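Here is a friendly walk through the model you have on screen.

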Amino acid sequence: MSVFRRSRSRADFTEEIKAHLQLESDELKDEGCSEEEAERRARINFGNVERAQERFYLKDRSEWLEDLWRDVKFAMRQLARNPEFASVVIMVLALGIGASTAMFAFVDAALLQPLPYARPHQLMSVNESSVQSSRWPLPYPDYVDWQLLNSSFESLDVYSGTGFLLHAPGGTEPVQAERVSGTFFKTLGVHPVLGRDFLPGENRDGGPNVLLLSYGSWQDRFGGRRDLIGRTVHLDDAAYTIIGVLPRSFVFAPGGNVEFWVPLNHLSEHERTRSFFNFWGVGRLRDGVTRQAAAIQLNTISLQLQKEYGSPDGHLSASVVPLSEVIVGDVRSILLTLLAGACLLLAVACVNVGSLALVRSESRRREISVRGALGATPARLVRQFVTEGLLLAFFGDVAGMLLALGIIRLLTRLVPKDMAANMPFLGAAGVDRDTVLFALVVASLAALLLGAMPVLRLSLQEIRIGLSHGDRGATGASWRRLGANLVVVELAAAVVLLAGACLLGRSLYHLLHVPLGFKADQLATIRVSIPDSSKDTNESYKTIAQHISALPGVQAAGMTNILPVQCDCSWDIVHFPDKPDQGESKKLEERHVSSGYMPALQASLIRGRFFTERDTNATPRVALINQSLAKTYFAGEDPLGKRIADDEDGRPAVWEIVGVVKDIHEGPLDVLDGPAEYFPINQTQDHSFTLVVRTSQDAGSILTTLVKALHAVDPNIGVSDESTMLGKIANTQSALLHRFSAWLVGGFAGVALVLGVVGLYGVVSYSVGQRTREIGVRVALGAQRGSLYRLVMQQAGWLTLTGLGIGLVSSVGTSLLMRNLLFQVQAWDMWTLVLVGLILGLASLIATIIPARRAATVNPVQALRAE
Amino acid sequence: MLGSDDDPSMNEDRIALLQGTLDLLILKTLVMGPCHGQGVARSILRMSEEVFFVDHGSLYLALQRLEDRKWISAKWGVSENNRRARFYSLTTKGRERMVEKTSEWERLSRAMAMVLRGHAGESGEEV
């Protein structure tokens with residue numbers, strides 16, 4: 001019957017119990033009980049019949065659950081009994097899981113999640129590219145032709161950042177805005193949550209002043225009022241009608257923290273020329289058109305246009321790259337490096353936990369043997385270990401997730417707001433489905449490791465023979481071998497992380513010590529916009545400079561359109577009429593500065609003179625050049641008196657060189673100085689510039705005074721972004737990314753080093769414990785202290801050297817992988833490798849000296865009596 | 001399943017120990033020939049000189065477990081006093097397992113003795 005049916009029927013079992021009771025009462029009657037008494041006692045002897053039946057039927061279903069529950073309870077008790085083990089394992093796991101999960105969250109948000117637009121894979125950044133720069137903006141007429149002639153894009157749009165002075169009841173304030181072509185939002189697939197998108201006519205030249213608000217601006221400036229549509233706001237000197245509000249989720253990273261979106265319907269004189277490169281393209285590929293095909297087509301168009309209209313630069317080509325590439329391109333390698341570092345730390349943590357589990361299984365050998373002998377099947381024992389591993393991994397995972405949340409919060413808070421606007425994906429990092437999944441996968445691997453260690457260690461055969469042996473002696477050797485190998489892995493991983501951290505640290509140091517060409521401390525900076533209505537801008541510059549210079553604590557003040565060390569983003573295409581090859585055009589960094597600027601920076605004049613107040617829009621145009629320009633284009637001749645020719649505001653202009661300054665580091669820290677030219681702001685008439693103020697004390701303390709003073713000059717002056725030069729430099733993307741990666745990898749390396757060294761201590765200390773008797777014999781035979789030290793140190797030394805060797809070799813490999821994060825440091829930097837060796841050696845020495853001392857002070861009598 | 005020491009919170013482990021023991025006791029009883037559940041219970045009581053109390057619910061669970069493992073087989077029959085009863089008998093596999101289990105038990109008791117003795121002797125050596 002049981003062959004065909006797995007479990008018996010309920011009736012059959014009830015029948016059996018009935019039979020039992022009958023047989024029992026029969027027997028009791030035979031022993032002399034009355035019939036009634038016999039039946040009663042039979043029932044009592046049997047116990048609770050219903051309960052027995054219940055148990056019988058629940059058996060199949062509940063056995064598994066009950067076993068599981070018992071396993072969990074038992075595992076909990078085992079862990080509670082050894083809280084040091086449990087808490088160390090959970091802590092170490094949490095460190096590994098926390099670090100790697102946090103890094104994964106950023107990688108996920110930046111590199112794996114699609115951009116928050118419709119069908120984002122079709123969105124391309126469309127630009128020109130040249131030899132100097134792979135991403136180079138478009139002139140407006142070129143854009144119009146590209147749009148007309150191409151058949152690869154469903155739609156092609158351009159955007160260009162701008163600033164306005166917002167006149168509000170609370171005062172005048174500069175705001176960030178973006179000018180976009182008509183179908184910009186349709187191309188992205190974004191629809192306003194309130195109001196409407198731009199209408200086709202609004203994009204034409206001379207179209208109406210309308211604007212779309214960002215969601216944040218709608219909430220913060222206008223209180224989220226729904227009746228806002230149709231109202232006007234005053235930007236610069238014009239009234240704009242609000243036509244819509246963009247969704248809360250909408251961000252456009254290349255634009256940064258933009259509040260107002262206006263159509264591109266007022267083009268300036270120079271924006272109409274083919275030599276003013278000011279517009280960034282974004283397009284949506286037609287279905288079935290590849291990026292490459294689109295690039296080839298645009299290239300053909302671009303070449304054709306260059307042939308037709310003459311090319312200012314000669315070698316422009318079209319560049320079509322995924323929009324996501326433009327947004328996350330800069331941080332990709334850093335994020336991947338950080339994730340790799342965190343995973344290495346995770347590996348160290350797992351190995352560490354694994355060897356802890358190994359040590360623990362060693363101390364549980366006797367318990368396991370007894371349980372095996374009592375009939376616990378090997379499968380059951382394995383299950384028990386796996387349950388314990390799962391439980392530990394679970395707690396470690398929970399703690400790790402909490403840690404990851406903390407790390408994510410901390411890191412996102414450390415990113416300055418302006419930069420965060422360019423990297424919206426950083427804000428999107430968090431504990432979401434992908435991240436939880438990642439943490440769970442990691443935790444299950446850890447659980448497997450935790451469970452597998454004791455199982456590997458206590459092979460099933462050993463469970464059987466464990467009892468007959470004592471628990472000391474030969475078995476230690478196999479564990480020692482495994483434990484030692486594991487510790488080598490840990491040390492090697494720690495070395496890789498240490499080397500990475502050192503290289504990144506040295507890069508950061510080099511980066512922060514790049515020669516700037518000026519004195520960066522005690523410089524306050526503040527962005528100033530003067531109203532378009534101020535007719536005599538030269539007079540405005542002068543008044544502002546005078547007022548600011550007169551402030552107490554101010555030594556000098558000057559103006560520039562773009563601060564140094566911020567970006568290499570303002571290029572001019574020029575030629576030198578006095579040179580034989582005057583026809584060939586060159587690309588230079590271009591800055592507009594006031595007469596007080598160079599002295600305020602304490603820049604060094606090499607030849608000629610700085611600008612003076614006498615250089616105005618009424619006098620001939622003059623220019624300063626930097627040393628790089630002089631060396632590159634005027635090698636062996638005197639640049640003074642030579643001329644620079646360019647297109648200024650769409651008209652040809654010629655500037656006479658009056659001075660040469662030592663290179664000021666204009667571009668980002670990690671970009672080398674190139675040729676640069678400086679024009680007097682008096683002759684370029686910028687309405688928006690940065691005031692640079694040299695102070696006699698701490699630059700940060702004067703900022704509020706500066707704001708007040710500027711508003712005292714003219715309440716309609718827009719003031720923003722008050723900071724110090726040092727702060728501006730420290731918050732540049734290159735400094736920030738290098739600092740982040742150096743600190744994070746440094747942190748990972750520190751933790752890994754501690755774990756590795758603790759692991760080494762564990763191995764050495766265990767082996768000393770195992771060899772107490774041997775050491776006792778040696779001492780009894782007259783071994784010297786020194787030789788005992790050597791005995792222990794030798795073992796640790798070999799482990800350290802092996803770990804160091806493997807680690808150094810692999811670190812050269814990994815450093816090569818991250819070489820584009822390195823700045824002025826070679827991947828195989830000798831000093832780094834030596835330093836890492838020293839750190840590890842020293843740390844290992846400390847870890848070994850304690851057990852070595854214990855070995856040296858073994859009392860032979862006690863040691864020999866021990867067994 | 002079994003705690004390694006005499007922690008008082010280890011009741012469940014003691015039940016587990018009894019369970020393992022019960023299996024062996026059942027097998028031992030059935031060596032003498034097929035028997036029904038009530039007979040097994042009685043004979044365990046008798047064999048252990050009434051020291052072991054057999055919870056009948058556990059007994060029938062154990063019988064079922066052994067039957068599931070094919071260490072014993074069962075069929076309905078008639079007792080000496082003409083009562084219908086379910087008779088259990090030892091299979092070949094069950095016989096082999098019983099021999100194995102018996103030697104395990106002997107090793108265990110030796111080990112227990114050693115552990116208990118060893119505990120006192122080793123106290124100076126424990127770290």
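This is a predicted model, in which local features need pLDDT of at least 70, side-chain atom pairs count only at pLDDT 80 or more, and totals for chains, interfaces and linings use all residues. Residues are numbered from 1 along each chain as its sequence is written, while chains are lettered from A and ligands numbered from 1 in the order in which they are written.

**Confidence**

Chain A has a mean pLDDT of 85, with 93% of its residues at 70 or more. Helices (H or I, at least four residues) and strands (E, at least two) are DSSP runs, numbered from the N terminus. Two residues are in contact if their C-beta atoms, placed from the backbone, lie within 7 Å. Residues 1-6 of chain A also stay under 50, and for them the model has one contact beyond four places in sequence. Where pLDDT is low, the predicted coordinates should not be read in detail.

**Overall form of chain A**

Chain A holds 27 helices and 21 strands. Its C-alpha trace spans about 135 × 80 × 55 Å along the principal axes. The radius of gyration of chain A is 38 Å, whereas a compact globule of 867 residues would have one near 29 Å; the radius is taken over C-alpha atoms, and the globule rule is 2.2 Å times the number of residues to the power 0.38. Of contacts in chain A between residues at least 6 apart in sequence, 83% join residues at least 24 apart.

Burial comes next: a residue is buried if 20 or more other C-beta atoms lie within 10 Å of its own, exposed if 12 or fewer, and partly exposed in between, with C-beta atoms placed from the backbone. By that rule, 42% of the 867 residues of chain A count as buried.

Strand β1 (residues 123-129) of chain A has six of its seven residues buried. For β16(A) the count is five of five, so this strand is largely enclosed by the rest of the structure. Both of its faces are covered, with A:Val622, A:Leu624 and A:Asn626 buried on one side and A:Ala623 and A:Ile625 on the other. In a regular strand the side chains alternate between the two faces of the sheet.

The table gives the partners of these strands; two strands pair if DSSP finds at least two bridges between them.

| Strand | Partner | Sense | Bridges |
|---|---|---|---|
| β1(A) | β9(A), residues 280-285 | antiparallel | four bridges |
| β1(A) | β10(A), residues 317-322 | antiparallel | six bridges |
| β16(A) | β18(A), residues 651-661 | parallel | five bridges |
| β16(A) | β19(A), residues 676-680 | antiparallel | two bridges |

To find these pairings on screen, look for A:Leu123 opposite A:Arg284 in β9(A) and A:Val126 opposite A:Val320 in β10(A).

**Nonpolar cores**

A nonpolar core is a set of buried Ala, Val, Leu, Ile, Met, Phe, Trp, Tyr and Cys residues joined through C-beta atoms within 7 Å. The largest has 173 residues, of which A:Val495, A:Leu497, A:Leu498, A:Val693 and A:Ala752 touch the most other members. Helix α16 (residues 475-512) of chain A gives the most to this core, with 20 residues. Setting aside residues up to four places away in sequence, A:Leu498 touches A:Ala749, A:Leu753, A:Val836, A:Ile839 and A:Leu840. Another core, of 55 residues, lies apart from it and includes A:Leu138, A:Val262, A:Trp280 and A:Leu298.

**A loop residue**

A:Leu551 is in the loop between α17 (537-549) and β12 (554-560) of chain A. A:Leu551 counts as partly exposed because it has 15 C-beta neighbours inside 10 Å. Beyond its neighbours within four places in sequence, A:Leu551 is in contact with A:Thr705 and A:Ala709. Its C-alpha atom is separated by 9.5 Å from that of A:Ile702, 151 residues apart along the chain.

Technical notes. pLDDT = per-residue confidence, 0-100.
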